[in-house]
Amino acid sequence: CGPGTDYETHFKRGWYAQAALKLGFTEVDLLNPVEIVVRYSAQDFGGKASDLTEFTPCLNYYLASSTIFRIAFRLNQEKENEIDNNEFIFQFAQGF
């Protein structure tokens, strides 16, 4: 913050909590590489920016130990604006 600016206007904070359960313990071979993930997050932007909370349920499918296909749906809620900006997320990742 520079001189003459309001600290609260520029102060930003956020947090998230995430839980995951891999279904490798089941006796169904098709479910062994599946992981269920749930994430909840919140951001406080300070000033006039709209604060935001997000809830994201997700399914991960491990094709190999370093290859994953992910499907998620992010539910966005802004405290001051009624914007329809929820999103489906499809992701393929390869680690090396």
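## A hairpin in the sheet

Strand S3 and strand S4, the latter covering residues 67–78, pair in the antiparallel sense over ten bridges, where two strands count as paired if DSSP finds at least two bridges between them. Strands here are DSSP runs of E with at least two residues, and helices are DSSP runs of H or I with at least four, both numbered from the N terminus. Two residues lie between S3 and S4, and the two strands form a hairpin. Cysteine 58 stands opposite alanine 72 in S4.

This is a predicted model, in which local features need pLDDT of at least 70 and side-chain atom pairs count only at pLDDT 80 or more, while totals for chains, interfaces and linings use all residues. Residues are numbered from 1 along each chain as its sequence is written, and side-chain values use heavy atoms, with hydrogens and water left out.

## The chain as a whole

The secondary structure of the chain comes to one helix and five strands, and along the sequence these elements follow the pattern α-β-β-β-β-β. Of the 96 residues in the chain, 22% are buried; buried means under 20% relative accessible area, exposed means over 50%, and partly exposed lies in between, with a 1.4 Å probe and protein chains only.

The accessible surface of the chain comes to about 7200 Å², and 58% of it belongs to carbon and sulfur atoms. Such areas come from the Shrake-Rupley method with a 1.4 Å probe, and for residues only the protein chains shown count as cover. Among the contacts in the chain with a separation of 6 or more, 33% are between residues 24 or more positions apart, a contact meaning heavy atoms within 4.5 Å.

## The five-stranded sheet

The five strands form an open sheet in the order S1-S2-S3-S4-S5, with antiparallel pairing. S1 and S5 are the edge strands, each of which pairs on one side only. From one strand to the next the twist averages 20°, with axes taken as lines fitted to C-alpha atoms (for helices over the stretch in contact) and angles running from 0 to 180 degrees between N-to-C directions.

Strand S2, residues 34–44, and strand S3, residues 52–64, pair in the antiparallel sense over ten bridges, and arginine 39 stands opposite threonine 56 in S3. S4 and S5 also pair in the antiparallel sense, over eight bridges, and the bridge partner of phenylalanine 69 in S5 is phenylalanine 92.

## Two residues within the strands

Serine 41 has its place in strand S2 and counts as buried because its relative accessibility is 2%. Leaving aside residues up to four places away in sequence, serine 41 touches Trp15, Tyr16, Leu52, Thr53 and Glu54.

Isoleucine 71, in strand S4, counts as partly exposed because its relative accessibility is 36%. Isoleucine 71 and cysteine 58 are 13 residues apart in sequence and 5.7 Å apart in space, C-alpha to C-alpha. With residues up to four places away in sequence again not counted, isoleucine 71 touches Pro57, Cys58, Leu59, Ile89 and Phe90.

## Salt bridges

A search of the whole structure finds two salt bridges, each defined as a side-chain nitrogen of Lys or Arg within 4 Å of a carboxyl oxygen of Asp or Glu. Aspartate 44 forms a salt bridge with arginine 13, and the closest N and O atoms are 3.4 Å apart. This pair links distant parts of the chain, with aspartate 44 in strand S2 and arginine 13 in strand S1 (residues 13–22), 31 residues apart. Aspartate 44 is partly exposed at 24% relative accessibility, whereas arginine 13 is exposed, with a relative accessible area of 52%.

Glutamate 87 forms a salt bridge with arginine 74, and here the closest N and O atoms are 2.9 Å apart. This pair too links distant parts of the chain, with glutamate 87 in strand S5 (residues 87–94) and arginine 74 in strand S4, 13 residues apart. Glutamate 87 is partly exposed at 32% relative accessibility, and arginine 74 is partly exposed with a relative accessible area of 25%.

## Aromatic rings

A search of the whole structure finds three aromatic pairs. The rings of tryptophan 15 and tyrosine 40 have their centres 5.6 Å apart and their planes at 45°, so this pair is tilted. The pair links distant parts of the chain, tryptophan 15 in strand S1 and tyrosine 40 in strand S2, 25 residues apart. Rings of Phe, Tyr and Trp (its six-membered ring) pair if their centres lie within 6.5 Å, and planes under 30 degrees apart count as stacked, over 60 as edge-to-face and the rest as tilted.

Tryptophan 15 is partly exposed, with a relative accessible area of 48%, and tyrosine 40 is partly exposed at 37% relative accessibility. The rings of phenylalanine 88 and phenylalanine 90 have their centres 6.4 Å apart and their planes at 20°, so this pair is stacked. Phenylalanine 88 and phenylalanine 90 are both exposed, and ring pairs link Phe73, Phe88 and Phe90 into a cluster.
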